[in-house]
Amino acid sequence: MTEDSEHEHDHHHEPGREIFSHDPIGHAEARAGMTVGELAAEYGKAGVGATSLHEAVDVAEAMFADDVTVFFGLAGAMVPSGMRRIVSDLLRDGYIDALVTTGANLTHDSIEAIGGKHHHGCVHSEGKTEREHDETLRDEGVDRIYNVYLPQEHFAEFESHLRTEVFPVLESEADESGPVSIERLTRELGRANAEVNERDEIEEDAGIAAAAYEHDVPIYCPAVQDSVLGLQAWMYSQTGPFSLDALADMTPLTDLAFEAEQSGAFVVGGGVPKNFTLQTMLVTPGAYDYAVQLTMDSPQTGGLSGATLEEARSWGKLEKGAENVSVYADATITLPLVIAAARERLEG
């Protein structure tokens, strides 16, 4: 035996060396007939992102228990990309206690509720550059959200819906008592969406705002101005007493957080909905007990959208012992998997 091999042999048996016997990586099975819950269990055998998704199902299952108040943050193009029914079903089935989302998601939700549709498309036309493709879409009156297409006439129909079904009611209230809260706007939008959807026998589901209205779940939209919904609200306010009070929602939202025995944050995407959801706990004695984040944003820039949930713990937004996990992948892929698997465990 050479001197080198003796050294390697001795090092292998060095006293105190850790023996790696704990929880070995397994090899996931994918077979015909598996349920989503069974697939999520297979993810748990594997490493890297599969492990995170499996853990997200565990935390979501715990969060969706009856004694946990769930704050659900929804950013990104989740409604136009086809994730609308997942969220409305969660609302109808009692899994969400407060929804924080964007005016854009509510705009697209309402367009579907009153009969509009989003359409499959491509990133660019064959034989054209992406710029030439988008210039053609501009001429044809079609808006593009990556590979989702929306004819612009649906925005005109949405504007008419707001001006006939939503704003007049709020204008009457504002005339008597002053500016209304943004949550009051989203509640009235849900009522109108539900009524028009039923009255006009729209084939598509009435959607997120309608489900929240029907089940008395508040929708908070802290950056409503940053959307077609907000633009239309501003334009309507120029000719009458209707106006929005941006601070009015803070009291009922923080009251909900104060009264929660346990609380959970399920955050899809970043931006304002993420921070508005997480910062709610800064003015309460406690913090979130559970948190799931589905994102593609990187933390290295120091921006809020990419900030890890561990970082949120340093701010006091999460309890020190909170169960939390972040899944770094496209939320249109991960959200259905996590929700379906968690619901299978809870209901099946």
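Trainee: What volume does the largest pocket have?

Mentor: Keep in mind that this is a predicted model, where local features need pLDDT of at least 70, side-chain atom pairs count only at pLDDT 80 or more, and totals for chains, interfaces and linings use all residues. Residues are numbered from 1 along each chain as its sequence is written, and side-chain values use heavy atoms, leaving out hydrogens and water. On a 1 Å grid over the protein atoms alone, a pocket is an open set of points with protein on both sides within 12 Å along at least five of seven lines, and its volume is the space filled by probe spheres set on points joined across faces, edges and corners. For the largest pocket that comes to about 730 Å³.

Trainee: Which element gives the largest share of the lining of the largest pocket?

Mentor: The lining (residues with an atom within 4 Å of a point) has 34 residues, and Ala77, Met78, Ser81, Gly82 and Thr332 lie nearest the centre. Strand S3 (119–120), strand S10 (288–295), H4 and H14 each give two or more residues; helices (H or I, at least four residues) and strands (E, at least two) are DSSP runs numbered from the N terminus. The largest share, 8 residues, belongs to H4.

Trainee: How many residues of that pocket lining are charged?

Mentor: Sort them by class: Ala, Val, Leu, Ile, Met, Phe, Trp, Tyr, Cys and Pro are nonpolar, Asp, Glu, Lys and Arg charged, and the others, Gly among them, polar. The pocket lining then has 14 nonpolar and 12 polar residues, and the charged ones number 8.

Trainee: H4 and H14 both line the pocket. How is H4 oriented to H14?

Mentor: Helix H4 (residues 79–92) and helix H14 (residues 331–347) have axes 10 Å apart, at an angle of about 25 degrees. Axes are lines fitted to C-alpha atoms over the stretch in contact, with angles from 0 to 180 degrees between N-to-C directions. Under 35 degrees is roughly parallel, over 145 roughly antiparallel, 65 to 115 roughly perpendicular, and the rest oblique. So H4 is, relative to H14, roughly parallel.

Trainee: Which residues of H14 make the contact with H4?

Mentor: Contact here means heavy atoms within 4.5 Å. From the H4 side come Ser81, Met83, Ile86, Asp89 and Leu90. Their partners in H14 are Thr332, Leu335, Pro336, Ile339 and Arg343.

Trainee: How many nonpolar residues are in the contact of H3 with H14?

Mentor: Helix H3 (residues 49–63) comes within 9 Å of H14, axis to axis, crossing at roughly 50 degrees, so the two are oblique. On H3, the residues are Leu53, His54, Ala56, Val57, Asp58, Ala60 and Glu61, and they meet Thr334, Leu337, Val338, Ala341, Ala342, Arg345 and Leu346 of H14. By class, 2 are polar and 3 charged, and the nonpolar count is 9.

Trainee: What is the orientation of H7 to H10?

Mentor: Helix H7 (residues 153–177) packs against helix H10 (residues 228–237) with axes 10 Å apart and an angle of about 55 degrees. Phe155, Phe158 and Phe167 are among the H7 residues in the contact, and Met235 and Tyr236 among those of H10. The angle therefore makes H7, relative to H10, oblique.

Terms used. 1 Å grid on protein atoms, 1.4 Å probe; cavity = no way out; pocket = protein on both sides within 12 Å on 5 of 7 lines; lining within 4 Å.
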